[in-house]
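Dear colleague,

Please find below the structure for your review.

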Amino acid sequence: MVTADTADGAALGAFRREAERWLAANVDERWRQNRGALGEEEETRIRSEWDRRLFEGGYAGLSLPREYGGQGLGLTEEVAFGELAARAQAPDGLGRVGKILTAPTLIAHGTEYQKSTFLPPIMSGEHVWCQGFSEPGAGSDLASVGCSARRVDGGYLVRGRKTWTSFSRHSQRCLVLACTDVRAPRYRNLSLLLLDMHAPGVEISPIRQISDSRHFSETAFDDVFVAEEDRVGAEGDGWRMAMTVLANERGVVEGIARYVVIRADMDLLQQCCAKPGETEEQIRDLDTRVELVRWQVSKAVAREHDAEGFLRSSMVLKVIWSELWQEVTGLGARLSCPAHRAHWRHQYLESRSATIYSGTSEIHRNMIAERVLGLPK
Ligand SMILES: Cc1cc2nc3c(=O)[nH]c(=O)nc-3n(C[C@H](O)[C@H](O)[C@H](O)COP(=O)(O)OP(=O)(O)OC[C@H]3O[C@@H](n4cnc5c(N)ncnc54)[C@H](O)[C@@H]3O)c2cc1C
């Protein structure tokens, strides 16, 4: 007898087989062979090209509605594709802020104009987005943002400095959290704006990272105009909007994207550095824990319709994957396999930032203590 479950299982099986075939034909061989050692410009080109291929192949925005350029499927397919992409050693695209942070936020809170204008070019890979939240004096304490948005005819003039803005050099738009009312109480003084990165008054100064890449920048806004129709949600409701952005940033789609990277590093570790004895045991242990990341993703997906449970699983997931990735790359760097020395050096340094971005591990542990374990503040 064919039940809804078996029909769903069969459809998922067919989806997986087709995706596997597509990935085998489309993952760039140079990326597969030399990831981490291609140089930033070439990596950027491949990652950007990957976004376009995903769209053309029908794999961009799997869980987002069709009318906005997505595929109208669910988180289950999103996670299944992420796993297969990990095995195929696919690149992570350049469009992650657009797809993972902006798109679900606009679906939840955006106007019809915002969804129909901004989502299709995000899905097709034409538009890259960045996130302008952190400032020199406001990182973990995000509610202290000092960047201001002053009311003018038809919109706002944004003034201030943002820092650690990933992908800003490649971006068409930026999700900016700005203060729209200096007199309003904390948490009720902010608004979320969709700022055009090519508008007059935007200045981008790349920051060189310890890994030598320049993925992020300091971004200055000198009276940059943002139209009122490009504000998400009500004026003063920016904190709530920002929480949606952050929940997605720490969520399962990002979790599975990170699993892609960690799984690929783990496979390389097993392939090139396995030595008998203690190291072999360490590799086995890490491998099991990498699979726990995937399990934690599935656990979160199973709670997709329980908002609080979903959020809790996501918080735990972020701590697990970020710290585990550092262990994997740490072992890779220590073993210093000659054929992949450049790769491990790059990934080791790159992974240091994983326990900082999207909220530090300390902040996540505070949140887990309060919201998951129910401990007093
Ligand atoms: C690679 C990378 C990419 C990034 N990309 C972006 C981006 O695209 N857009 C963006 O807006 N931001 C981005 N960030 C910034 C990131 O969100 C912040 O770095 C992060 O939120 C921490 O803020 P901070 O650097 O100001 O550190 P601080 O908040 O100054 O924290 C310093 C230290 O104090 C600890 N600490 C602070 N408060 C507490 C507390 N209450 N309890 C316990 N410990 C505490 C922190 O855990 C940390 O160890 C990126 C960061 C990195 C590393």
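The shell around the ligand is made up of six nonpolar residues, nine polar residues and one charged residue. Please note that this is a predicted model. Of the 16 residues around the ligand, those that come nearest are Q131, S134, S140, W164 and T360.

A ligand nitrogen atom lies 2.7 Å from a backbone N or O atom of Q131. A polar backbone atom of W164 is 2.8 Å from a nitrogen atom of the ligand. For S166, an N or O atom in the side chain is 2.8 Å from a nitrogen atom of the ligand. The ligand exposes 980 Å² when taken alone, and the protein buries 65% of that area. Two or more residues of the shell come from each of the elements β3 (155-166) and α12 (361-372).

As to the placement of the ligand within the overall fold, domain 2 (129-237) and domain 3 (250-372) both contribute residues to the shell, and the ligand therefore lies between them.

A separate point concerns S313, which belongs to helix α10 (residues 307-335). Is S313 buried or exposed? Its relative accessibility is 3%, which is under the 20% limit, so S313 counts as buried. Apart from neighbours within four places in sequence, S313 is in contact with Q296, A300 and R303.

Yours sincerely

Conventions
Residues are numbered from 1 along each chain as its sequence is written. This is a predicted model: local features need pLDDT of at least 70, side-chain atom pairs count only at pLDDT 80 or more; totals for chains, interfaces and linings use all residues. Side-chain values use heavy atoms; hydrogens and water are left out. A residue is near a molecule or strand if one of its heavy atoms lies within 4 Å of it. A polar contact is a pair of N or O atoms within 3.5 Å; within protein, one must be able to donate a hydrogen and the other to accept it, and residues adjacent in sequence count only if both atoms are side-chain atoms. Accessible areas come from the Shrake-Rupley method with a 1.4 Å probe; for residues, only the protein chains shown count as cover. Helices (H or I, at least four residues) and strands (E, at least two) are DSSP runs, numbered from the N terminus. Ala, Val, Leu, Ile, Met, Phe, Trp, Tyr, Cys and Pro count as nonpolar, Asp, Glu, Lys and Arg as charged, and the others, Gly among them, as polar. Domain bounds come from an automatic or database domain assignment. Buried means under 20% relative accessible area, exposed over 50%, partly exposed in between (1.4 Å probe, protein chains only). Contact means heavy atoms within 4.5 Å.
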